[in-house]
Amino acid sequence: MTSNPKGPNDYDQSGMTQPGLTKTGMIDFRGVNKWFGALNVLRDITLSVEPREVVVVCGPSGSGKSTLIRCINGLETIKDGHLIVDGQRVGDPATNMTQLRTEIGFVFQSFNLYPHKTALENVTLAPIHVRKIPRAEAEQAGRVLLAKVGLADKVNAYPAQLSGGQQQRVAIARCLGMRPKIMLFDEPTSALDPEMISEVLDVMVAVAEEGMTMMVVTHEMGFARKVAQRVVFMDAGAIVESGTPDEFFSHPKTDRSRAFLSKILRH
Amino acid sequence: MIWQQFLSLAGSYPLALRGLGMTIVLSLISLALGTLLGFGLGILRTGGNRLLSGVIGAWVDLIRGTPFLVQIFLIFFILPEFGIELDAFTAGIIALTNLAACFICEIVAAGIRSVPIGQVEAALASGLSRWQRMHQVVLPQAMRIVLPPLVGQYVLLIKDSSVVSAIGLTDLTRVGWLVVQRVPNGLLVFFLVGVGYFIVCYPLIMLARRLERRMGAAHGEVQL
C-alpha cells in the first residue's frame, strides 16, 4: 500500500479503493504531512480505512501513531495533504469540526473521564448536551451501555472510585453513547495493570464485532489477530508496512518491523 | 470619662449602622460585578486569542501593581478632567469592581490552567461546544482550585473597600474617623470599626470552608 512511495496525486491509482468505486473510505489520508517544529512526525501518510474495518496501528514509541489518529478528529492539525473523514475534509474551514467529532469516538490512554461526574453522567453528558436527547432517555441508554461494558453496578460511582480497567470501560461507553461511526483508540490498555487489560480488550472486541469502524493504536497482538483486518506498522512518522495480521506477524517484510516484533513478542 | 465615651459612642450607632451598611452595599455590588467580570476575563485570558489575553494580562498587572488609593483618586479626581463626572458612590463601585475583577481574573485563569489538558481533549472529542466544554467540564473542575482563594480574595476586597472613605463615602472606616473627632479614644473607636469588618468577613471565611468540603464530596473523592 503505502510502502511504495507514491505521491498524493497518485492516490486514485494506488489500489486502496476498489476499482470502479469512486467512494472514498471512512477515513482517508492522502499524502498527509505534519511537523512538530523541525520534526517530521507524519511523513506522506496515505491510508484508507473502509467502513466496518478494524485497523491496528503499531510501531515504536515516537513513531507518530498517536499523532496519526489524533489528526482524525482534529486534536492535531495537519500541515499538508488531505484527510477526509466521513466525507468531510478535516482542517477545511467549511468543515464543522465540532459536528464531525460527534461521529468519532476517541478513547484515551489515560481515560480522561470527567472526575466530577459519575460514570452515568460521563456517559450521558454529550448525548444530552450535544445530541439534545432528553435526559431520561439518555440515562436509560447510558445504563444499558454501562451494563454492556460490565459496569451495571457502577452507574453512580465517580471515576476515583473505579479501577483503571473500569474507568477505561466507562470511557468506551461514553464514546458509544454518541453512536459514533468511527472509534479511535489511543493505546487504550497501556496505562492499565496487566490483570485489567483483558476486560478492556473484551469490550473492544465486542465493539469491533458489531461492525464499528475502528483504528486502534496498540501493541496487543492478540487483539490484532482476533479482530483486525489490517495491521499498519509505523516508524519515524511513516507507514512502513501494512497487511493482514497473519502476514504482518508471521512474515514481516521489513527489517524495521522484524526488529520491532522481536522486541514486543520476546516476553 | 470612659463611661461618657461609651455613652457618646452609643449615641453614634445610627451613623455606625449607616457606615456598616455602606461598606456592605459597596462590597456586595462590586464583588458581584467583579466576580462576573473576573470570570469573563479569566476565561478570555486562557482562551485562544493571544492579543486579547495579552491586553487583559497587561491591564491586570497594571491594576495589581498600583495602589488602590491611587486608582480611586484617578477615577474620582482625574476622570472629571476628561469630562467624565462621577459621584463618589459610582466611582467607588467602579474602582472596587475593577480591582476585584483583576484579582479574580488571575485566580480563575490559574484554576482553568490547572485542569488537565486531557479533560479538554475528552470534551472536544465528544463534540462539546466551546461554551459546553467550559461550563460542563473545565469550570466545575477549576472551581475546586478557584474557590478557596476566591473567597479569601473577597475578604481582602471587603477590607480594601475602606479606601473609598478617602473620596468621602461614609463607609465604616469614615464613620470611625468622624466618631473619633467627638470621642477622642482612637483605640476604642477603631477597635469597634475592626469588629464591624470582622463581622462581615467572618461568615465568608466560614462559607469558604463549607464550600471546600462540599466541592470535595461532589468530586467523588473517597473520604478517609
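Is Asp246(A) buried, partly exposed or exposed, and at what relative accessibility? Asp246(A) counts as partly exposed, at 48% relative accessibility. Here, buried means under 20% relative accessible area, exposed means over 50%, and partly exposed lies in between (1.4 Å probe, protein chains only). Accessible areas come from the Shrake-Rupley method with a 1.4 Å probe, and for residues only the protein chains shown count as cover.

The model is predicted: local features need pLDDT of at least 70, side-chain atom pairs count only at pLDDT 80 or more, and totals for chains, interfaces and linings use all residues. Residues are numbered from 1 along each chain as its sequence is written, chains are lettered from A and ligands numbered from 1 in the order in which they are written, and side-chain values use heavy atoms, with hydrogens and water left out.

Chain B has nine helices and zero strands. Helices (H or I, at least four residues) and strands (E, at least two) are DSSP runs, numbered from the N terminus. The C-alpha trace of chain B spans about 75 × 55 × 25 Å along its principal axes. Of the 224 residues in chain B, 48% are buried.

In chain A, strand S1 covers residues 27-36. Eight of its 10 residues are buried, so S1 is largely enclosed by the rest of the structure. S1(A) pairs with strand S2 (residues 39-49) of chain A in the antiparallel sense, over seven bridges. Two strands pair if DSSP finds at least two bridges between them. Ile27(A) has Val49(A) in S2(A) as its bridge partner. Two residues lie between the strands of this hairpin, and Gly37(A) takes a positive phi near 60 degrees. S1(A) also pairs with strand S4 (residues 80-85) of chain A, again antiparallel, over five bridges. There, Asp28(A) stands opposite Ile84(A) in S4(A). In a regular strand, side chains alternate between the two faces of the sheet.

Over all chains, the structure holds 14 salt bridges. A salt bridge is a side-chain nitrogen of Lys or Arg within 4 Å of a carboxyl oxygen of Asp or Glu. One of them connects the side chains of Glu121(B) and Arg70(A) (2.6 Å, N to O). Glu121(B) lies in helix H6 (residues 117-125) of chain B and Arg70(A) in helix H1 (residues 65-72) of chain A, so the pair joins two chains. Both residues, Glu121(B) and Arg70(A), are buried.

Lys181(A) forms a salt bridge with Asp86(A), with the closest N and O atoms 3.0 Å apart. Lys181(A) lies in the loop between helix H5 (164-176) and strand S7 (182-186) of chain A, and Asp86(A) in the loop between S4 and strand S5 (88-89) of chain A, so the pair ties together parts 95 residues apart in sequence. Lys181(A) is partly exposed, with a relative accessible area of 37%. Asp86(A) is partly exposed, with a relative accessible area of 23%.

Asp246(A) forms a salt bridge with Arg225(A), the closest N and O atoms being 3.0 Å apart. This pair links distant parts of the chain: Asp246(A) is in helix H8 (residues 245-250) and Arg225(A) in helix H7 (residues 221-227) of chain A, 21 residues apart. Arg225(A) counts as partly exposed, at 45% relative accessibility. Elsewhere, salt bridges that share partners join Lys34(A), Arg70(A), Glu76(A) and Glu121(B) into one network.
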